[in-house]
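Keep the viewer open as you read.

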Amino acid sequence: MSTTQTDQGPRLGLGSAMVHALAKNWWLLLLRGIAAIIFGLLAFAWPGLTLVTLILFYGAFALVDGAFAVVAAITGGAPGSRWWLAIIGLLGIVAGLVTFMMPGLTAVVLLYFIAGWAIATGVLQIIGAVKLRKEIDNEWLLILGGIISVLFGVSMMLAPGAGALALVWVIGAYSVVIGTIFVALALRLRKHSHS
């Protein structure tokens with residue numbers, strides 16, 4: 001009776017595969033963070049932007065952020081571990097396209113649209129972080145980013161009458177904070193990819 005051994009090597013769990021995929025493409029998360037920081041700084045530098053200009057800046061940001069998230073989801077390892085990243089990316093792309101197709105949206109409609117996108121993105125980031133909690137140190141950065149996104153969206157829904165200038169400052173602050181968290185997480189994932 002002969003035994004056949006298969007050379008399969010160690011199997012990676014779902015969380016390990018996700019960490020490996022994120023670490024492999026850490027630079028995409030870094031680019032998302034940098035894009036968010038640049039968008040936020042532009043919002044602070046030109047607070048007197050017209051609403052149409054703000055809408056176009058937001059649309060560009062959401063489109064670029066969504067495209068980077070989709071690329072990160074596609075180029076990683078096992079597809080089952082990155083569904084949440086693909087959904088975040090698709091939501092960003094849809095948000096950007098809708099914004100460009102209807103630039104005449106009123107401030108209140110834009111506010112609810114941005115708020116919904118932020119809440120959905122935040123919830124999906126928290127889900128992704130929970131899946132990573134046993135696989136990576138400092139997953140709290142992704143959880144923190146998700147919580148900030150949800151709080152940002154909820155606060156915008158609770159105060160829909162905010163003026164365009166206040167909207168610029170809130171969006172600018174949100175973008176800089178989220179971008180900084182993404183950059184920090186990307187740098188941690190870069191270290192993980194080398195280990």
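## Ground rules

This is a predicted model, where local features need pLDDT of at least 70 and side-chain atom pairs count only at pLDDT 80 or more, while totals for chains, interfaces and linings use all residues. Residues are numbered from 1 along each chain as its sequence is written, and side-chain values use heavy atoms, with hydrogens and water left out.

## The fold

The protein chain has 7 helices and 0 strands; helices here are DSSP runs of H or I of at least four residues, strands are E runs of at least two, and both are numbered from the N terminus. Read from that end, the order is simply α-α-α-α-α-α-α.

Take the contacts (heavy atoms within 4.5 Å) with a separation of 6 or more: residues 24 or more positions apart make up 82% of them.

## Helix α2

Helix α2 covers residues 26-45, and its 20 residues reach 29 Å from first C-alpha to last, close to the 28 Å expected. That expected span is 1.5 Å times one less than the number of residues. Buried residues of α2 include Leu 29, Arg 32, Ala 36, Phe 39, Gly 40 and Ala 43. An α-helix has 3.6 residues a turn, so residues three or four places apart point the same way.

## The nonpolar core

A nonpolar core is a set of buried Ala, Val, Leu, Ile, Met, Phe, Trp, Tyr and Cys residues joined through side-chain atoms within 4.5 Å. The largest one has 48 residues, and Tyr 58, Trp 84 and Leu 189 touch the most other members. Each of α1 (14-24), α2, α3, α4, α5, α6 (140-158) and α7 supplies at least two residues, with the largest share, 11 residues, coming from α7.

Setting aside neighbours within four places in sequence, Tyr 58 is in contact with Phe 39, Ala 95, Thr 99, Leu 110, Phe 113, Ile 114 and Trp 117.

A cavity is a set of points, on a 1 Å grid over the protein atoms alone, where a 1.4 Å probe fits but cannot get out; lining residues have an atom within 4 Å of a point. Points are joined across faces, edges and corners, and a volume is the space filled by probe spheres set on them.

The largest cavity has a volume of about 140 Å³. Its lining has 15 residues, with Leu 22, Leu 29, Arg 32, Trp 84 and Leu 85 nearest the centre. Helices α2, α3 (51-75), α4 (83-101) and α7 (164-194) each give two or more residues to that lining. The second largest cavity holds about 60 Å³, and its lining includes Arg 32, Ala 36, Asp 65, Trp 117 and Tyr 174.

## Thr 53 and Pro 103

Thr 53 sits in helix α3, whereas Pro 103 is in the loop between α4 and α5. Thr 53 counts as partly exposed because its relative accessibility is 29%, and Pro 103 is partly exposed at 29% too. They are 50 residues apart along the chain, with 8.8 Å between their C-alpha atoms. The C-alpha atoms of Pro 103 and Leu 56, 47 residues apart, are separated by 7.1 Å.

Notes. Buried means under 20% relative accessible area, exposed over 50%, partly exposed in between (1.4 Å probe, protein chains only). On a 1 Å grid over the protein atoms alone, a cavity is a set of points where a 1.4 Å probe fits but cannot get out, and a pocket is an open set with protein on both sides within 12 Å along at least five of seven lines; lining residues have an atom within 4 Å of a point.
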